[in-house]
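Me: I've got this model open and I'd like a close look at one spot in it. Could you walk me through that spot and then link it to the rest of the chain?

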Amino acid sequence: MKTRMLLLLCALLLLLPLAQAEDFDWMRFAGSEITILMPEHPVLDGMRSVMDDFEAATGITVNVEALAENLYFDRMEVALRADSGVMDVYMVPMDSTAFTQWSNGLIHPLSPYINDASMTSAGYDFADFPAGFTQATQYPPGAMDAQDYAIPVSFEAYTLFWNMDIVDEYLDGVVPDTMGGLIEAAHSISEASGGMVAGSVMRGIRSHTIMDTVTGMVFNNWGEAEMTLPTNVWYDGDWSMPRVDDERITAGLSHYAGLMSAGPINVQALDWPDASLLFQQGRAGFFIDASLFGPGFEDPDVSAVAGKTGYAVMPPVEAGGDSWTGHWMWGIGIPTNSQNPDAAWYFIQWMTSADVEPVIGAYHGGAARVSTWDKAEYVDALNPLYVDTVLEAMQTSRTTVVFREGWSEYALVIVDAIQDMYGGMAAADATAKAQQRLLDMEG
């Protein structure tokens with residue numbers, strides 16, 4: 001912890017001189033005032049740690065409005081549609097939520113700023129963000145003239161966590177090397193412990209919010225086969241052709257349900273805060289979910305599994321096979337009704353710069369710039385196995401985004417197939433049922 005604090009302090013002391021040394025007018029909007037609306041999130045914690053430096057470097061005053069994540073989404077949607085702008089910068093969930101906002105003209109394009117040398121420092125290096133990440137921040141999706149509407153600030157890949165103590169006690173320290181083996185091992189932990197320990201814990205709630213984790217597990221079965229946007233893996237390139245009954249998708253959904261069935265009795269009531277907390281409390285053997293939970297698991301002040309958590313990519317379907325996964329991102333953008341979009345862009349540009357991202361990224365472990373993963377002030381603040389796992393996952397990760405307005409309604413059909421499997425329905429029957437429901441929804 002002391003080492004991490006020293007690294008962060010050194011980085012902070014370097015930020016202001018570096019910003020001022022550039023041949024770029026960072027004081028152009030001095031005297032301006034902006035409001036940022038964000039969920040309480042490690043990204044915001046990191047931004048708070050450098051906020052004084054930003055204000056000193058730019059002369060821009062920042063008002064922070066922060067809410068618990070479950071309240072943030074409602075507040076965000078209301079603010080975007082207000083007659084008079086109430087925020088200038090906000091955290092953008094880069095999924096169908098952002099796509100719907102763009103479709104309704106609620107997000108300010110950033111490409112005009114990025115491409116303007118008077119508004120963006122020559123050292124910003126937008127190309128440092130992987131194309132696989134910016135693919136989800138550009139609209140219209142896949143178009144040659146697509147513009148950027150957000151900058152990635154944090155990504156999560158779907159990876160495996162395990163409790164080393166539990167694996168040592170019940171599995172002789174051996175983590176299975178296939179998904180099928182993992183499910184069997186999770187069940188054996190539950191049975192051997194008499195239900196006192198959950199073999200695994202998953203988001204089991206009936207909600208579209210679990211779909212990114214679900215998609216990551218489906219990708220593990222889909223492998224290197226092609227999938228295209230905007231439909232992603234769930235449709236065969238056209239909204240009239242759902243393919244949720246494809247055997248690879250069926251297998252991925254079945255794996256998800258299998259891990260749910262090795263979980264606590266109330267698994268169907270668990271969303272990510274509940275599932276991650278249960279693992280953090282040392283009450284579950286395995287957990288497949290967002291890599292971003294890793295740094296929190298290593299915090300000895302709040303975590304019972306600090307120093308006792310294992311990390312690995314998604315177990316492959318076959319021994320010796322490749323692991324595949326998906327990723328989801330938070331971005332940071334400007335609402336169309338912003339009162340001060342130019343100063344807002346300065347905030348976004350500064351907070352996502354190559355100099356500042358390693359400092360903020362150390363708070364959440366999901367840095368979006370490729371260069372950050374080579375910087376000591378970032379990687380030295382994280383568990384080395386965590387770093388290796390996320391870097392490996394990035395090699396075969398695909399975006400989980402589906403670019404469709406109202407996607408949550410369709411996503412629930414897929415979630416219901418998992419619920420049916422968990423309830424005992426044969427996997428093929430559950431996805432056949434879901435396939436027909438999706439076809440019926442298309443009319």
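Is L160 buried or exposed, and what is its relative accessible area?

Reply: L160 is buried, with a relative accessible area of 1%; buried here means under 20%, exposed means over 50%, and partly exposed is in between, using a 1.4 Å probe on protein chains only. Bear in mind that this is a predicted model, where local features need pLDDT of at least 70, side-chain atom pairs count only at pLDDT 80 or more, and totals for chains, interfaces and linings use all residues. Residues are numbered from 1 along each chain as its sequence is written, and side-chain values use heavy atoms, with hydrogens and water left out.

L160 sits in strand β6, residues 151-163 (strands are DSSP runs of E with at least two residues, helices are runs of H or I with at least four, and both are numbered from the N terminus). Setting aside neighbours within four places in sequence, L160 is in contact with V175, L182, F286, F287, I288, G310, Y311, A312, V313 and P315, where contact means heavy atoms within 4.5 Å. The C-alpha atoms of L160 and G294 are separated by 10 Å, although the two residues are 134 apart along the chain.

One of those partners, F286, is also among the residues with the most contacts inside the largest nonpolar core, as are I151, W234, L253, W345 and F347. That core has 139 residues; a nonpolar core is a set of buried Ala, Val, Leu, Ile, Met, Phe, Trp, Tyr and Cys residues joined through side-chain atoms within 4.5 Å. Helix α17, residues 407-422, gives the most to this core, with 9 residues. As for W234, its contacts beyond four places in sequence include M211, V218, P242, R243, L253, W407 and I414.

Now for a helix pair: α7 (residues 164-171) and α8 (residues 179-192) pack at about 80°, with their axes 10 Å apart. The axes are lines fitted to C-alpha atoms over the stretch in contact, and angles run from 0 to 180 degrees between N-to-C directions. So α7 and α8 are roughly perpendicular, a label covering 65 to 115 degrees. I166, Y170 and L171 of α7 meet A185, S188, I189 and A192 of α8.

Zooming out, the protein chain has 18 helices and 11 strands. Buried residues make up 56% of its 443 residues, and the C-alpha trace spans about 65 × 55 × 35 Å along its principal axes. Of the contacts with a separation of 6 or more, 75% come from residues 24 or more positions apart.

Definitions and conventions:
Angles under 35 degrees count as roughly parallel, over 145 as roughly antiparallel, 65 to 115 as roughly perpendicular and the rest as oblique.
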